[in-house]
Amino acid sequence: YGAEAYVRRLVAGLRDTGDTVEVLAGERRHRGAGKAFDLWDPGARRLVAARARSFGADIVHHHNISRELSASVLGATGVPEVMTLHDRRLFGAREHSRLGLRRAVEALGSAAVLRAARRTLSATIGVSDAVSSLARAAGLPSVSTVPVPVAEPVGVLLPAVQCQDILVAARLAPDKGIDVVVDAFAMLGDAAAGSRLLIAGDGPSESALRRRAAALGERVVFLGWLDDLELSAVLGRVRAVVVASIPARRPEGSSLAAVEAAAHRRVVVGSDDPAVAEVVTAIGAGPVVPAGDAGALAGALGRLLSDDAAVEAYAAAAATGVARHSVGAVTEATRAVYRQVLDA
């Protein structure tokens with residue numbers, strides 16, 4: 001998923017510049033009743049403090065600590081700490097149902113992280129201006145935006161105008177709006193006679209989406225979860241990528257899918273989720289349509305399937321606009337934050 005890919009690419013970029021990086025991830029697991037430790041985990045605090053001490057860290061960079069680690073790790077190390085916000089979890093966006101213990105723990109845990117972050121962080125990084133604005137409004141210190149990093153494409157990239165298929169690459173969950181994409185594709189009818197809708201990913205909505213797409217037969221293909229190499233190969237042979245996130249269900253922090261599509265010179269049709277629209281518009285990779293509006297999405301896809309000139313223009317803009325998302329650019333922007341913190 002996005003945060004894991006972000007960290008993996010940033011670590012590689014930092015090591016390439018000569019920095020020594022220690023990664024602590026997946027070493028604390030809260031399951032069942034143990035999810036209560038999402039509120040405060042003394043064991044996680046001791047673990048992070050000991051690791052930073054033995055490693056001799058100059059900076060500790062936190063990512064998604066409200067899952068598994070908790071607010072307990074903030075301020076545990078005695079060295080400057082930076083935190084990247086990958087989503088809007090700290091600002092009210094929730095992953096779980098409004099009813100139930102997990103929702104309550106999620107809300108309380110996020111509030112605890114926010115309170116501790118105000119006291120202990122030296123700097124805060126948002127993955128989009130939309131997230132950074134929320135961080136500033138919440139009183140987090142020294143906020144800057146560092147965009148999501150994208151890896152270089154691998155394999156052969158066919159010109160987008162030579163391709164006809166449409167791709168969605170996302171977790172199969174309600175907030176990603178894939179049901180709306182299926183409905184929009186069905187509306188295209190003969191306008192998409194030579195095209196398929198490819199759906200890459202897995203998740204809780206897969207069965208419902210398969211039922212929704214059943215009437216379209218082989219024109220909708222479920223590819224399952226793809227690793228980076230497999231996804232790059234698919235991106236290199238589609239005409240456009242749809243990012244249909246619905247903020248009313250859960251707003252995005254950014255859109256790695258849109259950035260990866262742009263890096264492969266593909267058109268991106270984005271929803272008007274604030275973070276998605278920010279990325280797509282800044283890169284110039286394609287049109288933005290109202291979230292949840294299958295008719296508007298069908299109209300945008302129909303125009304792209306019939307207008308080679310528009311596809312070529314968007315693909316060229318994407319290839320240029322995505323430069324700020326390169327691993328090198330994101331690494332340098334992150335190191336600038338580190339230098340600012342250490343100089344202070």
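Trainee: How do the residues of the lining of the second largest cavity divide into nonpolar, polar and charged?

Mentor: Bear in mind that this is a predicted model. The second largest cavity has a volume of about 50 Å³. Its lining includes Val 180, Val 242, Gly 270, Ser 271, Pro 290 and Asp 293. Sorted by class, the lining residues come to eight nonpolar, three polar and one charged.

Trainee: Which elements give two or more residues to the lining of the second largest cavity?

Mentor: Val 242 and Val 243 are among the lining residues, and so are Gly 270 and Ser 271. Ser 271 lies in strand E9. The elements that contribute two or more residues are strand E8 (240-243) and strand E9 (267-271).

Trainee: Is Ser 271 buried or exposed?

Mentor: Buried requires a relative accessible area under 20%. Ser 271 has a relative accessible area of 2%, so the residue is buried.

Trainee: What is the volume of the largest cavity?

Mentor: A search of the whole structure finds three cavities of 30 Å³ or more. The largest cavity has a volume of about 100 Å³.

Trainee: Which residues lining the largest cavity are the closest to its centre?

Mentor: By class, the lining of the largest cavity has six nonpolar, four polar and four charged residues. Strand E2 (residues 81-85) gives the largest share of this lining, three residues. Of the 14 lining residues, those closest to the centre are Asn 64, Ser 66, Leu 85, Asp 87 and Leu 90.

Trainee: Asp 87 also carries a charge. Which side chain does Asp 87 meet in a salt bridge?

Mentor: Asp 87 is buried, because its relative accessible area is 13%. The N to O distance in the salt bridge is 3.3 Å, and the partner is Arg 67.

Trainee: How many residues apart are Arg 67 and Asp 87?

Mentor: The side chains of Arg 67 and Asp 87 meet in a salt bridge. Arg 67 is in the loop between strand E1 (60-63) and E2, while Asp 87 is in the loop between E2 and helix H3 (101-120). The pair links distant parts of the chain, and the separation is 20 residues.

Trainee: How many salt bridges does the count come to?

Mentor: Side chains of opposite charge can pair when their charged atoms come close. The rule takes a side-chain nitrogen of Lys or Arg within 4 Å of a carboxyl oxygen of Asp or Glu. By this rule the total is 19 salt bridges.

Trainee: Which residues are linked with Arg 9 in a network of salt bridges?

Mentor: Arg 9 forms a salt bridge with Asp 228, with the closest N and O atoms 4.0 Å apart. That pair links helix H1 (residues 2-16) to helix H7 (residues 228-235), 219 residues apart. Arg 9 is buried at a relative accessible area of 8%, whereas Asp 228 is partly exposed at 41%. The residues linked with Arg 9 in the network are Arg 8, Asp 228 and Glu 260.

Trainee: What is the N to O distance in the salt bridge of Glu 27 and Arg 51?

Mentor: Glu 27 is partly exposed at 39% relative accessibility, and Arg 51 is partly exposed with a relative accessible area of 21%. Their side chains meet in a salt bridge, and the N to O distance is 2.6 Å.

Trainee: Arg 266 has no salt bridge. Which side chain of opposite charge is nearest to Arg 266, and how far away?

Mentor: Arg 266 lies in the loop between helix H8 (256-263) and E9. A polar atom of its side chain lies 2.5 Å from the backbone oxygen of Leu 158, and the side chain also reaches the backbone oxygen of His 264 at 2.8 Å. Arg 266 is buried, and the nearest side chain of opposite charge is Asp 165, 10 Å away.

Terms used:
Residues numbered from 1 in each chain as written. Predicted model: local features only at pLDDT ≥ 70, side-chain atom pairs only at ≥ 80, totals over all residues. Heavy atoms only, no water. 1 Å grid on protein atoms, 1.4 Å probe; cavity = no way out; pocket = protein on both sides within 12 Å on 5 of 7 lines; lining within 4 Å. Points joined across faces, edges and corners; volume = space filled by probe spheres on them. Helix = DSSP H or I, 4+ residues; strand = E, 2+ residues; numbered from the N terminus. Nonpolar A, V, L, I, M, F, W, Y, C, P; charged D, E, K, R; others polar. Buried < 20%, exposed > 50% of the residue type's maximum accessible area, 1.4 Å probe, protein only. Lys, Arg positive; Asp, Glu negative; His and termini not counted. Polar contact = N/O pair within 3.5 Å; in protein donor to acceptor, adjacent residues only side chain to side chain.
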